[in-house]
Amino acid sequence: MTNERIGYAEEDRISELTDDVVCHILSFLPSEEAIATSLLSTRWRFVWHMVPALDFDCMKPTSQERVNKFLSLRTTQRITRLRLNYGKYSYPWLPDTDKWLSAVIKKGKVEHLNFSLCRADANDLPPWSMFTSTTIVTLNLKVSFALVLPSFVVHLPSVKTLHIHNHGCTSLSGFKNFFYGSPALELFSIKTAHVTELNIVRKTRHIRLFERRETRISHAMFKLVIESDRHNDFIPHYFEDHLENVVKAKVYITVAGCDFLCSRVMTRLLYDLKQLRNVEFLSFADFRLLDIYATPPLPKFQNLVQLRLYLKDSHSVFFKLSARCPKLKDFEFVIMDDRYSGFELLLPCY
Amino acid sequence: MAEETESTKTEPLKTAEEEFKKLEITEEEESELKLETSDHVTFMVEASIAMKFGAVQQYLEVSPAASASATAIPLHNVASRELILILEYYRMHDWVDAGERDLKEFDERFLKDLNYEELKELLLAANYLNVEKLFNFLTKSIANIIRNKDVEFVRTFFGIDNDYTPEEEAAYREENAWAGVKFV
């Protein structure tokens with residue numbers, strides 16, 4: 001950024017903005033809108049040639065020609081922002097897309113990549129180059145097919161934010177290579193067919209995982225939060241499905257909605273409780289409307305010191321959870337009265 | 001600290017105390033820098049925030065003595081009105097306890113309180129100061145304002161005089177037709 005601004009002219013302030021600043025503004029816009037600024041005045045005629053962004057919807061057979069023409073007219077190779085939207089509908093993948101896209105990511109030194117793609121052929125991957133870039137800081141990926149990448153494919157040393165929106169049926173462990181391949185990752189956010197929402201935040205001091213699952217048919221909701229210090233990183237255990245290794249962490253589980261026979265939520269709940277049996281802190285809230293289960297096999301919580309129970313009524317099958325914690329020191333128990341939405345009925349520890 | 005007299009201190013306690021002492025020292029050391037705006041108002045700014053300003057860094061590289069002395073670092077192209085806003089933004093974003101939602105709400109409010117002129121003034125100041133985060137936030141916000149707007153709106157927003165002849169304008173519309181640009 002250069003600055004030679006002297007004095008305080010009250011009018012035409014934008015003329016004091018350098019081309020760099022103007023290009024930075026335009027880099028947030030779709031490329032066609034950046035091109036449209038050439039009509040503003042003579043000064044603006046060629047500004048778009050230097051905008052460090054490539055931002056196109058590519059949902060027509062002619063789209064690629066537009067992108068090619070755009071690339072050929074530009075006077076800079078720098079592309080900080082790259083957004084390509086191949087649309088909601090499957091569209092035949094052009095054979096040379098991998099090639100030019102790799103070139104753009106490499107030569108343009110792309111930092112922010114936003115890519116959405118829907119393809120019929122589930123065996124194909126998005127261009128590999130986007131998983132091995134040293135420059136990408138933000139990666140936003142929307143794909144409709146199963147996204148399982150071998151571990152050697154993902155190497156994103158600069159990535160801090162990773163959003164994956166996956167309509168396909170990728171299991172969570174399918175994403176673990178993204179996690180291992182991105183050591184600088186601060187926010188990892190996943191949406192899939194199975195998990196409504198998964199957010200992992202890794203700050204300098206703490207780590208927080210937020211998982212939400214919803215089933216549309218029974219309107220049941222399952223929410224899991226795990227928090228720990230940075231040096232007790234539990235995320236690898238999460239991806240390897242070995243949550244039984246997690247001890248020094250706070251776990252918050254909430255279930256709500258109408259839960260009918262053999263609901264997936266209930267199954268998941270019992271599974272997660274079993275997996276998380278070694279934690280020291282557990283907050284468990286059960287607000288489901290229906291509960292026609294016999295007492296499920298509750299695991300023994302060997303290390304549990306603190307337990308918070310929020311139950312809809314005392315008939316809840318999780319009422320006996322406290323009896324499964326031999327080391328329990330701090331117990332808080334609340335029964336929710338269904339006439340109230342809050343925690344009005346507070347029972348003392350027993 | 002009363003516990004210091006006790007001889008039966010356990011190891012973890014000691015380290016905790018040391019940590020505490022270290023914290024105290026760093027708090028004392030949290031120095032301030034004197035900044036002077038173009039309208040000759042001086043500000044005492046936490047060094048941790050002032051050092052985020054590229055212009056301040058650059059100034060201190062050239063004359064390192066300024067950080068210790070009482071001389072103010074001059075910011076020739078930033079008025080006090082803008083510096084107050086910039087400091088408000090950075091103090092909020094530097095605040096350890098600020099959650100993502102707090103920051104989002106803050107950003108929205110911050111933007112709502114600015115009219116177009118103030119927004120552009122602030123962008124010029126942010127550009128001069130070389131403050132990356134605020135610069136990105138402002139440029140992105142301006143992009144959102146001009147998004148999907150017609151040519152006239154963008155000209156007015158930026159204060160641009162159209163110096164094209166009608167023939168030229170028609171020719172350039174034609175020239176860029178390949179991009180599928182929606183010209184209004």
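1. A polar contact is a pair of N or O atoms within 3.5 Å; within protein, one atom must be able to donate a hydrogen and the other to accept it, and residues adjacent in sequence count only if both atoms are side-chain atoms. This is a predicted model, in which local features need pLDDT of at least 70 and side-chain atom pairs count only at pLDDT 80 or more, while totals for chains, interfaces and linings use all residues. Residues are numbered from 1 along each chain as its sequence is written, chains are lettered from A, and side-chain values use heavy atoms, with hydrogens and water left out.

2. Between chain A and chain B, 11 residue pairs are in polar contact, both residues at pLDDT 80 or more. Helix 1 (19–26), helix 2 (31–36) and helix 3 (63–73) of chain A each give two or more residues to the side that touches chain B; helices here are DSSP runs of H or I with at least four residues, strands are runs of E with at least two, and both are numbered from the N terminus.

3. In terms of contact (heavy atoms within 4.5 Å), 36 residues of chain A meet 43 residues of chain B. The buried area, meaning the accessible area (1.4 Å probe) that the two parts lose on being put together, summed over both, is about 3800 Å², and carbon and sulfur atoms give 61% of that area.

4. The interface has 1 salt bridge, a term for a side-chain nitrogen of Lys or Arg within 4 Å of a carboxyl oxygen of Asp or Glu. A:Arg45 and B:Glu175 form a salt bridge with their closest N and O atoms 3.0 Å apart.

5. A:Glu33 belongs to helix 2 of chain A. Its relative accessibility is 17%, so A:Glu33 counts as buried (under 20% relative accessible area; exposed is over 50%, partly exposed in between, with a 1.4 Å probe and protein chains only). A polar atom of the A:Glu33 side chain lies 2.9 Å from the backbone nitrogen of B:Asn148.

6. Over all chains the count of salt bridges is 22. One of them joins A:Arg83 and A:Asp55 at 2.6 Å, N to O. A:Arg83 sits in strand 2 (residues 81–85) and A:Asp55 in strand 1 (residues 53–57) of chain A, 28 residues apart. A:Asp55 is buried at 10%, while A:Arg83 is partly exposed at 23%.

7. In chain B, B:Glu169 and B:Arg155 meet in a salt bridge of 3.7 Å, N to O. B:Glu169 is in helix 9 (residues 166–175) and B:Arg155 in helix 8 (residues 151–158), so the pair ties together parts 14 residues apart in sequence. Salt bridges with shared partners join B:Glu152, B:Arg155, B:Glu169 and B:Arg173 into one network.
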